[in-house]
Amino acid sequence: MYLDVIWLLNLLFDSLLLTGAALLLKRKISLIRIGAGGFIGSIIIILNFTPLYAWADHPVTKLLFSIAMTLAAFGYRRLKYFIKGLMALYLLTFLVGGTMLGVHFLFQSNMTSMQTKVTYLMNGFGDPVSWLFVIVGFPVAWMFSKRNLDSLEMTKIKFDKMVKVVIRIDDFTVSASGLVDSGNQLYDPLTQAPVMIFSLTGYEDQIGTEMLTMLKDPNAIMESDAVYDLPWAGRLRLIPSKVIGSDQQMLPAFRPDIVEIYVDNERIDVKKCLVSFTLQQLSPEMEYAAIIHPKMMVSGAIKSVS
């Protein structure tokens, strides 16, 4: 088996792990930095074929290489930023690697017999099972791990937490307090975009009279073509919703240009979401004007505002 092929396989895997860590932390991805980090990680494979092979398997050596990979891929801004990157790399390595390893051992008996039959076809280009698990298994394991990590992160959110939210649609911009509420489980059935509820109470003068008329009777959308003349007609989505004591209704929601959530000196730029406006007052004491879907707190890009 050729050393360069083994090295290439590990370079690819390390680069994918760093990319996954960047996505998990919602950090900007630089292909050059990710490639540099993957290259550093792959060097440890070459050391296994040198007189330094004993050092290559030492835990301290592996830790040092992990630190170098994290610094190469994400840089160093402050200690907390660096530790998060390193822990995300290890967490993803254990999740994805463990998933792939478990599947590999599950089918090991069948694969062993298959490998003996194709050994003469390998010609030094590496174990085909290894390549298959990296190329096919990694994306599947990543999607499984990411979905479960998002679920865990959503369960940790303090759902009665007050945040600040900024919404912009064309020339309409509004800023208000919002409540992160686990009871809001509205999704667009087509795109799976989470839906935020925003009360226009006190903001009526910032929106056109046509929109106010439509919001007073949302069900009229289904019975009239006048909606196509509205300024935001191209942004409109109808979301099925059900309220206790009434039949299923169609809730009008709009695709915004910008949704920003400010919490704990951080700004979350929500890229994929919808906003449903209502004329009803959501908080009796006017403490908040928006009910924020918890998915929005974990699906956007996080940036520091300190």
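1. A residue counts as buried under 20% relative accessible area, as exposed over 50%, and as partly exposed in between. D170 has a relative accessibility of 37%, so D170 counts as partly exposed. The structure discussed here is a predicted model, and the burial classes used in the points below are those just given.

2. Overall content. The chain has 306 residues, of which 41% count as buried. Its secondary structure comprises 9 helices and 10 strands. Among the contacts in the chain with a separation of 6 or more, 66% are between residues 24 or more positions apart.

3. The backbone at D170. This residue is found in the loop between strands β1 (162–169) and β2 (172–180). D170 is not a glycine, yet its phi is positive, at about 55°. A reader checking the backbone may want to look at D170 together with the residue in the next point.

4. The backbone at Q192. Here too phi is positive in a residue other than glycine, with a value near 60°. Q192 lies in the loop between β2 and β3 (195–199). Its relative accessibility is 48%, so Q192 counts as partly exposed.

5. Helices α2 and α4. Helix α2 covers residues 31–47 and helix α4 covers residues 59–74; the two pack at an angle of about 160°, and their axes are 6 Å apart. Angles over 145 degrees count as roughly antiparallel, so α2 is roughly antiparallel to α4. The crossing of the two helices is right-handed.

6. Residues between α2 and α4. On the α2 side, the residues in contact are R33, I34, A36, G37, I40, G41, I43, I44 and L47. On the α4 side, they are T61, K62, F65, A68, M69, L71, A72, A73 and F74. By class, this contact has 13 nonpolar, 3 polar and 2 charged residues.

7. S15 in helix α1. Which residues does S15 touch, not counting those up to four places away in sequence? They are I34, G35 and G38. S15 itself is found in helix α1 (residues 3–25). S15 has a relative accessible area of 15%, which is under the 20% limit, so S15 is buried. S15 and S42 are 27 residues apart in sequence, while their C-alpha atoms are 9.3 Å apart in space.

8. T93 in helix α5. T93 has its place in helix α5, which covers residues 79–106. With 28% relative accessibility, T93 counts as partly exposed. The C-alpha atoms of T93 and G20 are separated by 9.5 Å, although the two residues are 73 residues apart along the chain.

9. The two sides of helix α8. Which residues of α8 (residues 209–216) are buried? They are M211, L212, M214 and L215. Seen down the axis of α8, these buried residues fall within an arc of 165°, so they line one face of the helix. T209, T213 and K216 are on the other side of α8 and are exposed.

Key:
Residues are numbered from 1 along each chain as its sequence is written. This is a predicted model: local features need pLDDT of at least 70, side-chain atom pairs count only at pLDDT 80 or more; totals for chains, interfaces and linings use all residues. Side-chain values use heavy atoms; hydrogens and water are left out. Buried means under 20% relative accessible area, exposed over 50%, partly exposed in between (1.4 Å probe, protein chains only). Helices (H or I, at least four residues) and strands (E, at least two) are DSSP runs, numbered from the N terminus. The arc is that of the directions from the helix axis to the C-beta atoms. Axes are lines fitted to C-alpha atoms, for helices over the stretch in contact, and angles run from 0 to 180 degrees between N-to-C directions. Angles under 35 degrees count as roughly parallel, over 145 as roughly antiparallel, 65 to 115 as roughly perpendicular and the rest as oblique. A crossing is left-handed if the near helix is turned anticlockwise from the far one by less than a right angle, and right-handed if clockwise. Contact means heavy atoms within 4.5 Å. Ala, Val, Leu, Ile, Met, Phe, Trp, Tyr, Cys and Pro count as nonpolar, Asp, Glu, Lys and Arg as charged, and the others, Gly among them, as polar.
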